[in-house]
Amino acid sequence: MEKWKALLKSKKAVGIAAGVIVLFLGIFVELCLNGKVMSLPAGEKGITEIPVSSDAVRVERDLCLTDKGLVLYGEEGWVTITLNRYVDKFGYDFSAGGTMSAELIVTAENVYGDEVTEIISDDNSAMLTSSVISLRKNVKEIRIHVTSGSVMVLEEAEPKIEEVTSRGPFAISRFFVKNEASFHWTRALFIWVIVGLAVFYLVCADRIGQRIEIGFLVTVLSVGSLIVLLLPATKVGWDEEMHFFRSWQTSYFPASTKTDTVIEAYMTCGRMTWPLNLPDTREEREELHDFVNRHCDPYAGATNRGVAAAGQYTPAYLLPALMLRIGRLLHLPFTVIYQMGRFGNLFLYAAVMYFAIRMIPIGKRILTMIGLMPTTLFLACTYSYDATVIAFTALGLAITLKEILTPEEALSWKTFFLTGFVFLFGMISKAVYAPLVLTALALPAGKFKDKKQARLVRGGVVLAFLFLVATFVLPTLVAGQEVADFRGGDTSSVSQMSYILGNPVAYAKVLIANIWNTAPDYLAGMSVFGLMGHLGGVPFAHWFYILAAAVVFTDTYRDGRILKPENPAVLCAGRKVWMFLLCGASAALVWTGLYMAYTEVGKTVIAGVQGRYYLPLLLPLYLILNQPRLKNTFSEKAYNRFLLLTLDLVLFGAVLTMIVLPSCF
């Protein structure tokens, strides 16, 4: 008893010490980053305003000095600000009536004291009135170039907010230099998560080595939460406005859906939430959030959209909708409610993928890698039904593979219905992956207690497949709509269908050519693993090919907790061929769906297909390539820990280069 008490005390001591170390490192890094500002002479610290009428400001072309500031009356204008001082952050107040993009040419000293020039693209949201740029260098002068075309006024069809639309012509009212030491919680949080995960891996090394799904869960929740908190509360992910709209609707069910002007703007891809004009600094992020919270009333919305959920897409939005509803019940600001919806998507993804990795008898490391790549986790941290589709498809395949590879255990009706529910719940939102349901037809005959059960199970699998196919085929056939997708230009489902049915051989050639030409990038490259929505792509995506190949060919461990020792747990050639055909059918449905809905009539290059659409297909495709005959002689525990460490480095590299450095300074 005394021994256990001593052990408990030691663990508490380790935990307290680890917490202190994590806290100290975050604060220490912040002190280092503020060191230059704190060492400046007293006269250079704080916020220094530079009036537009100052001698340090020189105006050229169509910018004119008026009582409202520097006003652009023509096509373009230049303004030069002479500084000759250290500048931590440079900013200017402006009015535009919409989004505003400017070009800054900064002349400064490099580390050697030589004069260098840097061009910075300064893109600002329609919800901002002040632009702040992080420079952190000795600056000689800054030239700002603006054009009439770089100011995009809100369109007539967009939701209007008086403060945004009543500003008149573009004008700059003041410039300022900000040399203030401040604690940036976003940067500190990044350090805390890194060090916290490292400490967790050290303390729980044995546990993680035995069960890689625990390491996966902790990584997803910690790094995923970091991403959600660092992202601004506005459109960042693909089609996030549509997914937020459906989540918001579902959160009110069965009552009437209420919105207001700001919420309506968040439900459309317009200038108010233009994803290419995201905040670049903490100051811009705070101003954007303040603007939204001042103008949004998420409780007594003026617009009533009636009683509606999201139709067949509703399952994918249940947890985000629940979190949105909880946020409203707590009377939180809208930006916090918006982020809570993203957390809902993350929590669902983390839980389902955890069970998928735990249950799958082969390819645990493969599935862990897929689930922790930047694109996959980014989808889980934004409004998107892709994360639900990926996670539930993986869980359905995990259960199915477990049954296939344990022929000595009888199939229970409970497992059959659970698998069917998982597949239907995950794929109902994106039924192009319906062919993967037919993986269950590869169940060995020994799984069934008699022929009747075999017929019922296989018949149920086919019915589930047909039901999913009907959910996206029948609406098109019944509606017979002419224009399929307003984003795709001159599109028409009816006309495209006539091309396919009129000359199926020619379409088969088009389909195969498009799949073949994009295969490397869509199977292991930037498009499938390295893109993070409108933030762009990670700069080290070329390494993903090596990482994917290494894991696919070295993950030859078999789960002894599930499989009996005498069962080699090998997918035979016949089953691999069957899985390949199903993946091919799913890929064909993906490309055909975008050919009909997004591609202009008669084109031979199919538009709209993205690498992320292949994520649900990667697990079976990688398992087909996996060769258990290539024995991995490394300790499974050591391999699990090394893989998790590698994937963590990839994720932190993505967060650092795509979020922290561009927008957290």
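Trainee: Why is Arg 174 called partly exposed?

Mentor: In this predicted model, Arg 174 has a relative accessibility of 23%. Buried means under 20% and exposed means over 50%, with partly exposed in between. The value for Arg 174 falls between those limits, so Arg 174 counts as partly exposed.

Trainee: What makes Arg 174 and Asp 93 a salt bridge?

Mentor: The closest N and O atoms of Arg 174 and Asp 93 are 2.5 Å apart. A salt bridge needs a side-chain nitrogen of Lys or Arg within 4 Å of a carboxyl oxygen of Asp or Glu, so this pair qualifies. The bridge links distant parts of the chain: Arg 174 is in strand β8 (residues 171-179) and Asp 93 is in strand β3, 81 residues apart.

Trainee: Is Asp 93 buried or exposed?

Mentor: Asp 93 is at 18% relative accessibility. Buried means under 20%, so Asp 93 counts as buried.

Trainee: What makes Arg 61 and Glu 76 a salt bridge?

Mentor: Their closest N and O atoms lie 2.9 Å apart. The limit is 4 Å, so Arg 61 and Glu 76 form a salt bridge.

Trainee: Why is Arg 61 called exposed, and why is Glu 76 called buried?

Mentor: Arg 61 has 56% relative accessibility, and exposed means over 50%, so Arg 61 counts as exposed. Glu 76 has a relative accessible area of 19%, and buried means under 20%, so Glu 76 counts as buried.

Trainee: How do you know that Glu 286 and Arg 282 form a salt bridge?

Mentor: Their closest N and O atoms are 3.8 Å apart. That value is within 4 Å, so the pair is a salt bridge. Both residues lie in helix α9 (residues 282-295), 4 residues apart, which is about one turn of the helix.

Trainee: How many salt bridges and aromatic pairs does the structure hold?

Mentor: There are 20 salt bridges and 35 aromatic pairs. Tyr 92 and Phe 175 form one of the aromatic pairs.

Trainee: Why is the pair of Tyr 92 and Phe 175 called tilted?

Mentor: The ring centres are 6.4 Å apart and the planes are at 55°. Centres within 6.5 Å make a pair; planes under 30 degrees apart count as stacked, over 60 as edge-to-face and the rest as tilted. Tyr 92 lies in strand β3 and Phe 175 in strand β8, so the pair ties together parts that are 83 residues apart in sequence. Both Tyr 92 and Phe 175 are buried.

Trainee: What makes the pair of Tyr 354 and Phe 355 edge-to-face?

Mentor: Their ring centres are 5.1 Å apart, with the planes at 80°. An angle over 60 counts as edge-to-face, so the term applies to Tyr 354 and Phe 355. Tyr 354 counts as buried because its relative accessibility is 13%, under 20%. Phe 355 counts as partly exposed because its value is 43%, between 20% and 50%.

Trainee: Which residues form the aromatic cluster?

Mentor: Phe 244, Trp 248, Tyr 252, Tyr 266, Phe 334, Tyr 338 and Tyr 383 form one cluster.

Trainee: What makes the positive surface patch?

Mentor: Lys 449, Lys 451, Lys 452 and Arg 455 form this patch. Lys and Arg count as positive, so the patch is called positive. Arg 455 is found in helix α16 (residues 451-479). Its relative accessible area is 58%, over the 50% limit, so Arg 455 is exposed.

Notes. Residues numbered from 1 in each chain as written. Predicted model: local features only at pLDDT ≥ 70, side-chain atom pairs only at ≥ 80, totals over all residues. Heavy atoms only, no water. Patch = residues over 30% accessible without salt bridge, like charges linked within 9 Å, V, L, I, M, F, W, Y side chains within 5 Å. Areas by Shrake-Rupley, 256 points an atom, 1.4 Å probe, with all protein chains shown as cover. Charge placed at Lys NZ, Arg CZ, Asp CG, Glu CD. Helix = DSSP H or I, 4+ residues; strand = E, 2+ residues; numbered from the N terminus. Buried < 20%, exposed > 50% of the residue type's maximum accessible area, 1.4 Å probe, protein only. Phe/Tyr/Trp six-rings, centres within 6.5 Å; stacked < 30°, edge-to-face > 60°.
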